[in-house]
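Hello,

Below is the structure I said I would pass on. My notes on the chain contact and on the domains follow it.

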Protein chains: 2
Amino acid sequence: MENFQYFTPTKVVFGKKTELQTGTLIQEYGCKKVMVHYGSGSVKKSGLLERICKSLEEAGIAYITLGGVVPNPHLSLVYKGIELCKKEGVDFILAVGGGSVIDSAKAIGYGVTNPGDVWDFYEKKGSPKACLPIGVVLTIAAAGSEMSNSSVITKEEGGIKRGCNSDLARPRFAVMNPELTMTLPEYQTMSGCVDIMMHTIERYLNRADNMELTDGISEHLLCTVMKNAKILLHHPENYNARAEVMWAGSLSHNGLTGCGTDGGDWATHQIEHELGGMFDVAHGAGLAAVWGSWARYVVSEGTERFARLAVRVLGVSETGSDMEKALKGIEAMEEFFRSVNMPISLGQLGIKPTEEQMREMAEKCTFWGQRTIGCVKTLAQEDVYQIYRKAAL
Amino acid sequence: MENFQYFTPTKVVFGKKTELQTGTLIQEYGCKKVMVHYGSGSVKKSGLLERICKSLEEAGIAYITLGGVVPNPHLSLVYKGIELCKKEGVDFILAVGGGSVIDSAKAIGYGVTNPGDVWDFYEKKGSPKACLPIGVVLTIAAAGSEMSNSSVITKEEGGIKRGCNSDLARPRFAVMNPELTMTLPEYQTMSGCVDIMMHTIERYLNRADNMELTDGISEHLLCTVMKNAKILLHHPENYNARAEVMWAGSLSHNGLTGCGTDGGDWATHQIEHELGGMFDVAHGAGLAAVWGSWARYVVSEGTERFARLAVRVLGVSETGSDMEKALKGIEAMEEFFRSVNMPISLGQLGIKPTEEQMREMAEKCTFWGQRTIGCVKTLAQEDVYQIYRKAAL
């Protein structure tokens, strides 16, 4: 197995009514002014924002607010947030929302504390040296950003979606009340479940001599998410199912499911990022739409791991060759996506990219041919284009 | 399921030769003087201490050393360490060893930064308000103290073993090179495996409506430790097996296997602590020696969980009543202990407490009747005495 680092400093406060502890939690960091960052008006309508602001006031903490984060969060709002924080002397950002809001908060946190253009970090032209401390009240189980070191931002000009990873941005605390996710539309809940699964599958499908302990944790996590996604399809207010999925979301992307691996594949994520950047699709749904096409394109290289996934997670029988099991597993995964109303093609995702657009996405995805992606099979620009084409059929 | 907090800020640096990074890791904390704390001469003989000191010197870090920690670490050395740290202006403790050394370091860390007698925290007469930052180079996979909030110290006068739990003492980093554990005597390796298993079993056997995700992680962790303990019996230098056990040791006691539970039972630990205090036995071996007697004493109250453990972890067939499965599971666990040369009675542990001594341990264990222990079945002084008696048969 590979050497690894594991670093998850985020204090998780999990369960019913935990959002009422937000003020007390922030007090521990001795900050002067908080920016409460959020997305659409739904956190206002639900009364959540009011409850949180009240908790801050009761703890004697000064704050300002900045809403308007959209899915595939925009660089323009990040710039606005940086300016606002500097002007107001903000020294702590509280993200109230899902991955987009948290990722936007991380980007703002970098921008406030580092010189130069924050987008440079996302273009890999440098690494951040600091970040404002960030706290989270989570309202969507999906991205795992509440414990992860990752932030993904979209530059509207050109529709370019890029990520920046740094331990500096791992949130100080994450308040996780599964009840807050009960009112999500089904599509968003299921898209979240796919995103959670993919964070583990990206790590699980790799070329290393893997760690047994990590493999088993990953397999159980995937089974748990699949089982509970199906429950939520019919019982969206089932607290236990919401809780299982929410906690799986954090564990799936905090590093636990990657311990001892070579880091994982991540090509599906890279391929989807271009879809998100160009067509603004829901991230998890986008992952579901391309995963099967990616999997069939690379399965000849990582057959044994695909076969293991098929048997341990997807209910495929032990009999047959590794390739037979692997292919049955890919089918079974797509069958699962269908069963929770997730797309398994670009058409089902609701987009019809032209030949030219697919060429453009493949170009951007490989930084105009400057990088390859993936580790199960190394993919160059032409490979990525072929995967888009297959997903479009 | 229950609300929970999960807080594991320790940066884990895991794998071959990682001890060479120690100096660089400590640099991050900007400390002025380190105390290197260790146990017997074995870390000297093996050259580990020298490698670590060299790494500190290369990083320009001043240090002093304090060795002599014994299993069931003594309060007297803690007092000595506190005095030494104060005199020398130590602001960081590096524990090089297993649970005993780390626990001793935590106690010294409390003593240096809090007024009054540090033993008071172990007697539950108050809570520490601070702790010196602690780093770890782990040499024994067992106690999980490298990521846990726990410290257990023995007051030699009266042989009283007591624990103090506080997040303040969670180590800042843990260097974990499985190679460092390869030369441990078999008895210590297997005792470590039992200790690791018990940290999860104590949490697993409880009265809550448990979290599926946590249950599956716990079951897989237990299976992984059992499988790899058997490998290490014949191949003590198997790197992968050492690594699986070492990582399981951290995950088993950092809180992960308790998420969503009611906190767990912990009676077996409390019962063993008195054995350790009075007879200075190896902790894991002591746990193995009393577990079966405890389990049969309480199984009528937590039958369903015992049955689940039996089927999911211990290979007991699904057929039969819960009580039948539960009892078969207890037998199977004892059979496993036997198979790795661990004791399942006090006699096999090598001690023969008198009636009076068993009465005395039961008294101490329940703070002279002032507390009960356990949650599967609440145990008072007389119950604890009965369990010692059964274990002595």
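In this predicted model, 38 residues of chain A meet 38 residues of chain B. The size of an interface is often given as the accessible area lost when the parts come together. For chain A and chain B that area is about 3400 Å², and carbon and sulfur atoms account for 59% of it.

The polar side of this contact comes to 21 residue pairs in polar contact, both residues at pLDDT 80 or more. Two salt bridges are counted between chain A and chain B. A:Lys227 takes part in a salt bridge with B:Glu212, where the closest N and O atoms are 3.0 Å apart. On the chain A side, the elements that give two or more residues are E1, helix H8 (212-234) and helix H9 (239-253). Of these, E1(A) gives the most, with 11 residues. Sorted by class, the side of chain A that touches chain B holds 20 nonpolar, 12 polar and six charged residues.

Now the domains within chain A. Where the two domains of chain A meet, 28 residues of domain 1 are in contact with 27 residues of domain 2. They bury about 2200 Å² between them, with 60% of that coming from carbon and sulfur atoms. Which three residues supply more than any others of the area that domain 1 of chain A buries against domain 2? They are A:Lys161, A:Arg162 and A:Pro178, with 24% of that area.

A:Lys161 also forms a salt bridge, with A:Glu272, and the closest N and O atoms there are 3.5 Å apart. The count between the two domains of chain A is two salt bridges, and eight residue pairs are in polar contact, both residues at pLDDT 80 or more. Strand E1 (4-14), strand E6 (150-155) and strand E7 (160-165) of chain A each supply at least two residues to the side of domain 1 that touches domain 2. That side is made up of 13 nonpolar, nine polar and six charged residues.

One item comes from a database record. An unreviewed UniProt entry annotates residues 9-178 of chain A as "domain: Alcohol dehydrogenase iron-type/glycerol dehydrogenase GldA". The span 9-178 of chain A is 32% helix and 26% strand, and its end C-alpha atoms lie 21 Å apart.

Regards

Conventions
Residues are numbered from 1 along each chain as its sequence is written. Chains are lettered from A and ligands numbered from 1 in the order in which they are written. This is a predicted model: local features need pLDDT of at least 70, side-chain atom pairs count only at pLDDT 80 or more; totals for chains, interfaces and linings use all residues. Side-chain values use heavy atoms; hydrogens and water are left out. Contact means heavy atoms within 4.5 Å. Buried area is the accessible area (1.4 Å probe) that two parts lose on being put together, summed over both. A salt bridge is a side-chain nitrogen of Lys or Arg within 4 Å of a carboxyl oxygen of Asp or Glu. A polar contact is a pair of N or O atoms within 3.5 Å; within protein, one must be able to donate a hydrogen and the other to accept it, and residues adjacent in sequence count only if both atoms are side-chain atoms. Helices (H or I, at least four residues) and strands (E, at least two) are DSSP runs, numbered from the N terminus. Ala, Val, Leu, Ile, Met, Phe, Trp, Tyr, Cys and Pro count as nonpolar, Asp, Glu, Lys and Arg as charged, and the others, Gly among them, as polar. UniProt positions are given in the numbering used here, feature names are shortened, and annotations may be inferred rather than shown by experiment.
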